[in-house]
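Please find below a briefing for a reader who is new to this structure. The sequence and the model are shown first, and the notes follow by topic.

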Amino acid sequence: MEATGEPAAKSPAEEEMTTFSYHHFGSSEDSGDGFLVTIIENMKEEYGLFVWPCSIILAEYVWQQRSRFTGATVVELGAGTSLPGLVAAKVGADVTLTDDSNRSEVLIHMKRQCDLNDIKCKIHGLTWGVWDTQTFCLCPNIILGADILYDSCAFDDLFATVAFLLQSCPSSVFITTYHNRSGHHLIGFLMMKWGLKCIKLLDGFSFMPSYKTSSLIGSANVFYFFHSKAKISLHEIMLGKEPQLLSSHYQ
């Protein structure tokens with residue numbers, strides 16, 4: 001599903017719930033070597049239209065690793081306000097932003113984010129676990145997901161979708177920021193079910209500029225998820241065959 005049309009006019013109450021947040025990416029807050037991304041947030045909507053800490057952390061990771069993203073084909077899952085995907089596009093990636101096909105208001109909102117920042121991204125409705133023509137056409141080098149492991153009822157469909165996308169491009173990788181919640185054992189089980197391996201990259205705050213760290217709450221970790229056949233050299237350090245170790249991976 002493509003995002004088309006314009007959203008209905010907002011009521012005064014809805015307008016009061018809308019705000020803008022400003023996210024700078026560069027060597028320092030006042031430096032001129034980076035860029036600013038403006039995000040429209042709406043506290044009225046459930047989850048999808050608010051910039052969560054994991055999104056800020058993943059976007060900063062994309063900026064700091066921008067040489068890896070330049071020229072890459074990127075798909076962001078559960079994009080919502082789309083900050084990581086927008087940063088990837090700013091540094092030269094070919095980006096497709098996706099969110100639930102049934103949430104047209106979120107897809108329209110994603111288009112508004114792109115227009116506001118003068119960034120060109122493709123926008124597709126993608127419901128996890130549902131296979132359509134658009135999903136089959138996706139072949140990303142890098143998959144992004146910020147804090148999308150929050151609803152355990154959706155974990156199986158999410159990992160099925162991730163596994164499918166990784167299989168479509170064997171050298172691809174899924175990079176996600178994960179906020180420590182319940183459901184660790186289920187995550188480990190499903191990664192084994194879908195043939196995924198995982199290594200922890202960094203503590204979420206270890207690479208954040210000090211001026212951004214103070215605004216974040218909670219703890220988040222950045223992980224690579226690799227398809228089991230993607231990189232042989234990494235299989236040796238992955239913990240997919242030891243469920244109890246996989247659980248400790250999310251501490």
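The charged end of Lys212 sits over the ring of Phe25, 3.9 Å from its centre; a charge counts as sitting over a ring if NZ of Lys or CZ of Arg is within 6 Å of the ring centre and within 35 degrees of the ring normal. This is a predicted model, in which local features need pLDDT of at least 70 and side-chain atom pairs count only at pLDDT 80 or more, while totals for chains, interfaces and linings use all residues. Residues are numbered from 1 along each chain as its sequence is written, and side-chain values use heavy atoms, with hydrogens and water left out.

**Aromatic rings and charges**
- Phe25 belongs to one aromatic cluster with Phe35 and Trp63, and the charged end of Arg66 sits over the ring of Trp63, 3.8 Å from its centre.
- The count comes to 5 aromatic pairs, where rings of Phe, Tyr and Trp (its six-membered ring) pair if their centres lie within 6.5 Å, and planes under 30 degrees apart count as stacked, over 60 as edge-to-face and the rest as tilted.
- The Phe50 and Trp52 rings form an edge-to-face pair, because their centres are 5.0 Å apart and their planes are at 75°.

**Nonpolar cores**
- The largest nonpolar core has 41 residues, and Phe69, Leu83, Val87 and Leu144 have the most contacts inside it.
- Such a core is a set of buried Ala, Val, Leu, Ile, Met, Phe, Trp, Tyr and Cys residues joined through side-chain atoms within 4.5 Å; buried means under 20% relative accessible area, exposed over 50% and partly exposed in between (1.4 Å probe, protein chains only).
- A second, separate core of 23 residues includes Val162, Leu165, Tyr178 and Leu196.

**Helices α2 and α4**
- Helices (H or I, at least four residues) and strands (E, at least two) are DSSP runs, numbered from the N terminus.
- Helix α4 is largely enclosed by the rest of the structure, because 7 of its 8 residues are buried.
- Ser55 is placed in helix α2 and is buried, with a relative accessible area of 8%.
- Leaving aside residues up to four places away in sequence, Ser55 touches Leu83, Pro84 and Ala146 (contact means heavy atoms within 4.5 Å).

**Confidence**
- The chain has a mean pLDDT of 78, and 73% of its residues reach 70 or more; pLDDT is the predictor's confidence in each residue, from 0 to 100.
- Over residues 228-251, pLDDT stays under 50.
- Among the elements of the chain, α4 has the highest mean pLDDT (98) and helix α10 (residues 232-235) the lowest (21).
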